[in-house]
Amino acid sequence: MTPRRLDPQEDTAPILALLHAAFAKMEGRIDPPSSLHRLSAADITQQAESGEIWLIGHEACLFLTPRPDMDPPALYLGKLAVHPDAQGKGHARALIDLAEQRARDMDLPRLALKTRIELVENHKIFTRLGFKKTGESCHPGYDRVTSYEFSKEV
């Protein structure tokens, strides 16, 4: 299935449901808890207006945000989600390939993302997709690393 861009006027409830299903495995594993708990349908609409959201049916999604302010500039990938029933079909790779093309279209030299330190399976997936660990960060109020930063040159 080919990815398609979400129109900001579309119903975002299915995307919120997809995100909750895809990220359910994080419950009780990550600290602090996922920002997904604060994400609303209105937030998704805002992302579609100010950035981009790409979908593969109701099985996968990816939020893209141009970040020319990063050093070096990047296309930031957020909320890459594949429904548990759709994993292994190549959806994550298809969305990353799309993100690479979108970054080139925007003259941004790299992709960037963050993933929680506890989600070692995600680290392996991103490494297989060509990303390299480039940094560490901590959430406000924490005195330890809570996320790893990954990037990929395009």
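## A pocket and the helix beside it

Strand β4 (74-82) gives the most to the lining of the largest pocket, with seven residues. This is a predicted model, in which local features need pLDDT of at least 70, side-chain atom pairs count only at pLDDT 80 or more, and totals for chains, interfaces and linings use all residues. Residues are numbered from 1 along each chain as its sequence is written, and side-chain values use heavy atoms, leaving out hydrogens and water.

Let's look at the pocket. A pocket is an open set of points on a 1 Å grid over the protein atoms alone, where a 1.4 Å probe fits, with protein on both sides within 12 Å along at least five of seven lines; lining residues have an atom within 4 Å of a point. The largest one holds about 1,100 Å³ of space. It is lined by 39 residues, and closest to its centre are Phe-23, Leu-80, Thr-115, Asn-122 and Phe-126.

Now turn to helix α4 (residues 120-128), whose buried residues are Asn-122, His-123 and Phe-126; buried means under 20% relative accessible area with a 1.4 Å probe, counting protein chains only, and exposed means over 50%. Why do they line one face? Seen down the axis of α4, the buried residues fall within an arc of 105°, so they share one face of the helix. An α-helix has 3.6 residues a turn, so residues three or four places apart point the same way. The face turned away from the buried side carries the exposed Lys-124 and Arg-128. Just after α4, Gly-130 takes a positive phi of about 100°.

Conventions. Helices (H or I, at least four residues) and strands (E, at least two) are DSSP runs, numbered from the N terminus. The arc is that of the directions from the helix axis to the C-beta atoms. Contact means heavy atoms within 4.5 Å. Grid points are joined across faces, edges and corners, and a volume is the space filled by probe spheres set on the points.
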